[in-house]
2 protein chains.
Amino acid sequence: MAQMKFDLLLEKISAQVKLSEEEKAFFLSRIQYKKIKRKQLYLQEGDVSRAITFVLSGCLKLYSIDRNGFEHILQFAPPGWWVGDMKSYINQEPALLNIDAIYDSELAIILKPELDDIYSRIPAFERFFRILAENAIAAYQQRLINNLSLPAKDRYSTFCELYPTLIMQLPQKMIASYIGVTPEFLSKMLKQQA
Amino acid sequence: MAQMKFDLLLEKISAQVKLSEEEKAFFLSRIQYKKIKRKQLYLQEGDVSRAITFVLSGCLKLYSIDRNGFEHILQFAPPGWWVGDMKSYINQEPALLNIDAIYDSELAIILKPELDDIYSRIPAFERFFRILAENAIAAYQQRLINNLSLPAKDRYSTFCELYPTLIMQLPQKMIASYIGVTPEFLSKMLKQQA
DNA sequence: CGCGACGTTGATTTGCCTCAACGATTGTGG
DNA sequence: CCACAATCGTTGAGGCAAATCAACGTCGCG
């Protein structure tokens, strides 16, 4: 098959489970493609998250807004990553989280009914998403430990080691939001560090 | 079949997926039973987590120890809950987390090779653990949001609403460790609250 | 060109921690 | 069954990490 927009997605899946050509074709027939622009809101707090999303290009962020209007970033989603408000997706209830695009992005979208159908037809997908979910748990466990036990300076270092590419591309204020400090404080921290 | 020690486990699984009697029997033949005493260490940092664990009775805690020797509790596991250091389990690498028993406890244990075997024989288990993992992600997302956006007082209230039973049973210092404050500070907080 | 987003810097405040001391309770070995 | 140690919660004095508020320079973009 010719090079096409979903290649990255198929590659990620094939890295974990084997799919026949028919299975791939069936899967592709059930997913959607979408472009969104920088700063465009993709999931809004209060709406129901009807799909799970894979980032083909660009970058999204998953975040909550607290009662004072401040953003707290839960996850960045560069190409090759999945995003979603899990609670909203699983229970099909209003989301507490928001998703928007940091840069112009291309997405692969799988609606919940479609994915549930895919699960029953192709067991390999059940396995793939189990593995994906387990890895996500491992990442969240680690992140939580860092937040509970490390001071801001060390949380920043950890972020740099874990996502060296993102450091270069993201505005500082977003990194501050991710590691859980104010932009002002991060700025002061970096200054005296050097 | 007569009432037996794994009933709670089968009940939890059956709530999500349907299993035939043979499948149940096969599953039971692959799991282990273990009792551990209060304060007994079950998984030690540095060891490889070879199994996933279900709590039948009692209560475990999953925690890390920081460089100053302080505990940070990631999760409590009362009866009906699963625990594990996911990263260590998935990659079969040394654990960064510890698990021990808060009370005398009974456990159902599934070794990784056994579970991998179960997955290939009974697809329903693949589904069950996918669902379980997805729910865990939802919980971790919520927890992280709380830690990033709420002050200690509100994190405590949230904990009370989420785990009313645990509040009664657990020493205050463990709740402090879970919500991410010192025992002294929690004590003062509760005093002036009333 | 002018506006809005971003990073910076300084002064001040505060939420939470540290250290230390003290009762109350629990549990344990003699 | 008592004595002693260990664990836990409490309280107070003092300190620090990080937040808040405000002002300013710079840049990229419409």
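How many residues of chain B are in contact with chain A, and with how many residues there?

## Chain-chain interface

In this predicted model, 28 residues of chain B are in contact with 28 residues of chain A. On the chain B side, the elements that supply two or more residues are β4 (71-77), α3 (86-91) and α5 (123-149). The most comes from α5(B), which gives 20 residues to the side that touches chain A. By class, that side of chain B holds 13 nonpolar, eight polar and seven charged residues.

## Nonpolar core

The largest nonpolar core has 82 residues. Those touching the most other members are A:L60, A:L62, A:L97 and A:I137 in chain A, together with B:L60, B:L62 and B:I137 in chain B. In soluble globular proteins, nonpolar side chains tend to be buried together.

Apart from its neighbours within four places in sequence, B:L60 is in contact with B:Y42, B:V55, B:A77, B:V83, B:I99, B:D100, B:A101, B:I102 and B:S105.

## Surface near DNA strand C

Around DNA strand C there are 16 residues, of which A:Q172, A:K173, A:S187, B:A152 and B:F185 come nearest. Two or more residues each are given by α8 (172-179) and α9 of chain A, and by α6 (152-162) and α9 of chain B. The most is given by α9(A), with six residues. The residues of this surface divide into seven nonpolar, three polar and six charged.

## Surface near DNA strand D

DNA strand D is likewise surrounded by 16 residues, and the closest are A:F185, B:P171, B:Q172, B:K173 and B:S187. At least two residues each come from α6 (152-162) and α9 (183-193) of chain A and from α8 (172-179) and α9 (183-193) of chain B. Here α9(B) gives the most, with six residues. By class, the surface near DNA strand D has seven nonpolar, three polar and six charged residues.

Note on methods: Residues numbered from 1 in each chain as written. Chains lettered and ligands numbered in written order. Predicted model: local features only at pLDDT ≥ 70, side-chain atom pairs only at ≥ 80, totals over all residues. Near = placed C-beta within 6 Å. Helix = DSSP H or I, 4+ residues; strand = E, 2+ residues; numbered from the N terminus. Nonpolar A, V, L, I, M, F, W, Y, C, P; charged D, E, K, R; others polar. Contact = placed C-beta atoms within 7 Å. Core = buried A, V, L, I, M, F, W, Y, C linked by C-beta atoms within 7 Å. Buried ≥ 20, exposed ≤ 12 C-beta atoms within 10 Å, placed from the backbone.
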